[in-house]
Amino acid sequence: MRGHITKRSKNSYSIKVSLGKDAMGNYKYQWITVKGNKTTAQKRLSEILNQLDNGTFMKPSKTTLREYFEKWLADYATPKLSPRSLERYSGIVRNSIIPELGHIILTQLKPEHIQSHYSAMLESGLSARTVHYHHAVIHKALQTAVKWGLASRNVADAVDPPRIKRPEMQYWNEDETASFLKTAENSPYYELFYMALFTGMRRGELLALRWQDVDLILSQVYVNRSLHQLKNGSYVFTEPKSERSRRTIALPLSAKLELIELYEKSKSNGEKLGTHLQDSDLVFSHIDGRPLRPNTITNAWRFLCKKANVKPIRLHDARHTHASLMLKQGIHPKVVQERLGHSSISITLDTYSHVSPGIQEAAAESFDKLLFPKREKEAV
């Protein structure tokens, strides 16, 4: 037998595997503890035997964090994550975690090691949000180590990442929005910015939009993917980050007319180049159909904000502007949630709580009018 399972307690099993003979001809064995039921232990045994066969098995007692995190990136992150997320995870692991913690033996890692790492990051000037993102990567990787039987517990559970201060919501009022659009009329990205303000779509969602995702008869757009540019300059299209992000957004008449005009212009440009506009072509692109560079769009937005002499906000804040103006008009938060693709209405209400005072006053007034209509007339 190359390996067998022994029950230790109600939710714990020991795995014993043969590592072959040493230089003296004696058999070597490795004992590994697995938390869970027998099926979990059997699955882990199969994984270990497979690793022994292909030479990738790592002894839990001697594995350093450097060795483990590199293996985790290769065996877990690479097949499961999108190219964009994998790039971020790899950067955090290789530029921060391994240089600072890589020398520590995995089984000897303690909460204070991680806590000290977070403190050093904050002292170096990194934000609490950045530290939180690092914590998410470390926690996920260590949770996988527990699942693989390389660690008995996830020590990141005993670490407290810094509290994130909620930034003040930035958005435009009606006059600022109109002023910006007036200034942007001659910009090559005018229609894109118009759609950002009138639909609440994210930058990546707008850049990934194809003509087949636009229904100019029913006045709708279908959000089903996002575009990102990797550090090597290549572009990747990714699936929505949640099912709620995959959504249908109704277009106001003005946005529909802007898209019709853009379609005719794109069709004409294609004919000049000797090509025909296809349903799979991007709505917002270079004249030859190549994707627009996300950072170029963001820089153009900043330039136009300054030129329009309006409060400088991020391109992502066009999304907040769209939601805030809708809520101020009395649009039901459920509709706003669906347009933005939030996973729950509580996220929408919490994010745009700054609009609630006006909504609360309007609701109180409406309730009064409903129950005491005569009192309202007498007051007039």
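**Entry 1: Ile97**

I started with Ile97 and found this residue in helix H3 (residues 83-101); helices here are DSSP runs of H or I with at least four residues, strands are runs of E with at least two, and both are numbered from the N terminus. I noted that the model is predicted, that local features need pLDDT of at least 70 and side-chain atom pairs pLDDT 80 or more, while totals for chains, interfaces and linings use all residues. Residues are numbered from 1 along each chain as its sequence is written, and side-chain values use heavy atoms, with hydrogens and water left out.

Is Ile97 buried or exposed? I found it buried, at 1% relative accessibility; buried means under 20% relative accessible area, exposed over 50%, and partly exposed in between, with a 1.4 Å probe and protein chains only. I then listed its contacts (heavy atoms within 4.5 Å). Beyond neighbours within four places in sequence, Ile97 touches Phe69, Ile92, Gly102, Val137 and Ile138. Phe69 is 28 residues from Ile97 in sequence, and their C-alpha atoms are 8.7 Å apart.

**Entry 2: aromatic rings**

I counted 15 aromatic pairs in the structure. Rings of Phe, Tyr and Trp (its six-membered ring) pair if their centres lie within 6.5 Å; planes under 30 degrees apart are stacked, over 60 edge-to-face, and the rest tilted. Trp172 and Phe180 make a tilted pair, 4.9 Å centre to centre with 40° between the planes. Trp172 is buried at 0% relative accessibility, and Phe180 is also buried at 0%.

Trp172 also pairs with Trp301, stacked, at 5.3 Å centre to centre and 20° between the planes. This pair links distant parts of the chain, 129 residues apart: Trp172 is in the loop between helix H5 (128-147) and helix H6 (174-184), and Trp301 is in helix H10 (residues 294-308). I also noted a cluster in which ring pairs link Tyr68, Phe69, Trp72, Tyr76, Tyr89, Tyr133 and Trp148.

**Entry 3: whole chain**

I read off 15 helices and 8 strands in the protein chain. The radius of gyration (taken over C-alpha atoms) is 28 Å, well over the 21 Å that the globule rule gives for 380 residues, so the chain is more spread out than a compact globule. That rule is 2.2 Å times the number of residues to the power 0.38. The C-alpha atoms fill a box of roughly 95 × 70 × 40 Å along the principal axes. Of the 380 residues, 43% are buried.

**Entry 4: Phe372**

I ended with Phe372, which lies in the loop between helix H14 (356-371) and helix H15 (373-379). Phe372 is partly exposed, with a relative accessible area of 38%.
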